[in-house]
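Hi everyone, thanks for coming.

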Amino acid sequence: MTAENTAQARLDPSREIADIDRRLFGGFVEHLGRHIYDGIFEPEHPSADEEGFRTDVIDLVKELGVSTIRYPGGNFVSAYRWEDGIGPKDQRPTRLDLAWHSTETNEVGLHEFQAWLDRVGSDLMLAVNLGTRGTEEALDLLEYANADTRTRWTEQRARNGRSTPFGVKMWCLGNEMDGPWQVGHRNADDYGKLASRTAKAMRMLDPGVELVACGSSGRDMPTFGSWERQVLDHTFDDVDFISCHSYYQERGGDAQEFLTSGADMALFIESVVAIVDSVAATKKSDKRIMISFDEWNVWYLFKEDGTESGHEFKGGAWPVAPRLLEDQYSALDAVVFGDLLITLLQHADRVRSASLAQLVNVIAPIMTEPGGPAWRQTTFYPFSITSRLADGTAVHVPVECGTVASKKLGDVAAVNAVATIDGDGVSLFAVNRSLTTAAALRVDLAPLSPQLGRDVSIIESHLLHEDDMYARNVLGDVERVGVRAADAAVADGILTIDLPAVSWIAIRLA
Ligand code: AHR
């Protein structure tokens, strides 16, 4: 490679992908580690409001711009009894959480979480327990949450302070049921039958719900593909979405491989689309099952020695709110993360919902210390900027550029980009995946003149790049990594942007 790669693109609005569903910018809050307790809920914290929620965290979650939030798990949900989290707090049981080998106090449950969502301005997406429980308990929860009649459950809801329904639209039929680590794990055939029965019954109670069947917990699962086919064989007519989960990390010191994670995610999405559409074809149906990418992130799940993180307490104590999965993200992680967001936007026609896993303290863009500060991790920036600037319609921006070599995927485009067009302007998001070589990206804006006129100007630009790509924001140095203005200009209808090696940018044009 030369010292600088050139990359050429044309921003053509006719390369439309789809309108952007705001649910693409969803989050995920699980009862796990210090996510709820000592994260969003810390009654003794100086910033806590009357219900015990940290207002400094609320402000950061608002700034992050998360639409729908999936709750309460994750692995946690597969042994969770939702009734434990309702009613007077002093009567709620304390229970063992098998998923994370912790003790759950149930101080926060459905009502408290909804109260927190009202403060942050996000919508609730619920997961039901199909691990230790089944259709009946899912129906009980749905009736409690959404029914507008006078029944035992709704009267109990009113006594617990909520006479109007929660009105939860999106429901996950269990979590990662393909994973042997899941409480109640089962094979695709058994899960498919249970999910279908449960979905049919839930729709009888509330026809307005949107339902998500569990897909694979990753493209590398041994059952990937056959799992989706078999589950949809049972549930095709009953569900709207199939889920994808995927986590990425640098392994074996190979940062270049890690930088191609966006291409890996694209392959995962395109493979799932091919599989679900082949099921549609065999069923002679024109129904299109959409993807809920309801767990995605960078996660250092595997430690250097190959063991999995997050299981520190197994076989030992059962602590309350232990420090688990508290990854500290680097600038490199944030660039990969920005590319994952670009990839989701590039597939906005089929990925109609996505949840960043997770939000606070646990593999999170926001960190807190008990009694201390709350701060933005590096990954906070690409999420908050993309969520704020990506609106309207997503548009393909194919880039002619060099490639980087991936051991897994072969040659992968060094520069990846996507644009969005709305009534007020155009946003462009791009990433340079090369570990070594900067890129000069030239984007021809001529096809945009009907939208933007001839006087196109940059009204905002953001560059995420650090000479030390492992720089992080940590307690004591919480603003080490941020974004700064990108080196970009528009002249004669051409937008030029300098993309240093390992960088992510967002540009707003109007
Ligand atoms: O997000 C952390 C865990 O990752 C979730 O609980 C589980 O669904 C996945 O394996």
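**Cavities, a pocket and a ligand**

So, there are three cavities of 30 Å³ or more in the structure. By cavity I mean, on a 1 Å grid over the protein atoms alone, a set of points where a 1.4 Å probe fits but cannot get out; a pocket is an open set with protein on both sides within 12 Å along at least five of seven lines, and lining residues have an atom within 4 Å of a point. Points are joined across faces, edges and corners, and a volume is the space filled by probe spheres set on them.

A quick word on the source: this is a predicted model, where local features need pLDDT of at least 70 and side-chain atom pairs count only at pLDDT 80 or more, while totals for chains, interfaces and linings use all residues. Residues are numbered from 1 along each chain as its sequence is written, and side-chain values use heavy atoms, with hydrogens and water left out.

Okay, the largest cavity holds about 140 Å³ of space. It has 16 lining residues, and Tyr80, Trp82, Ala127, Val128 and Leu141 are the ones nearest its centre. Strand E7 (123-128) and helix H3 (135-146) are the elements giving two or more residues to that lining; helices (H or I, at least four residues) and strands (E, at least two) are DSSP runs, numbered from the N terminus.

The second largest cavity has about 90 Å³. Its lining includes His31, Tyr37 and Pro322, and strand E6 (residues 102-104) provides the largest share, three residues.

Now, where does the largest pocket lie? Domain 1 (3-10 + 396-509) and domain 2 (21-389) both contribute to its lining, so it lies between them; the domain bounds come from an automatic or database assignment. The pocket has about 1000 Å³ of space and 44 lining residues, with Ser217, Asp220, Tyr247, Leu301 and Phe302 nearest the centre. Strand E10 gives the most to this lining, four residues.

Last up, the ligand. Gln358 has a polar side-chain atom 2.9 Å from a ligand oxygen.

Methods: A polar contact is a pair of N or O atoms within 3.5 Å; within protein, one must be able to donate a hydrogen and the other to accept it, and residues adjacent in sequence count only if both atoms are side-chain atoms.
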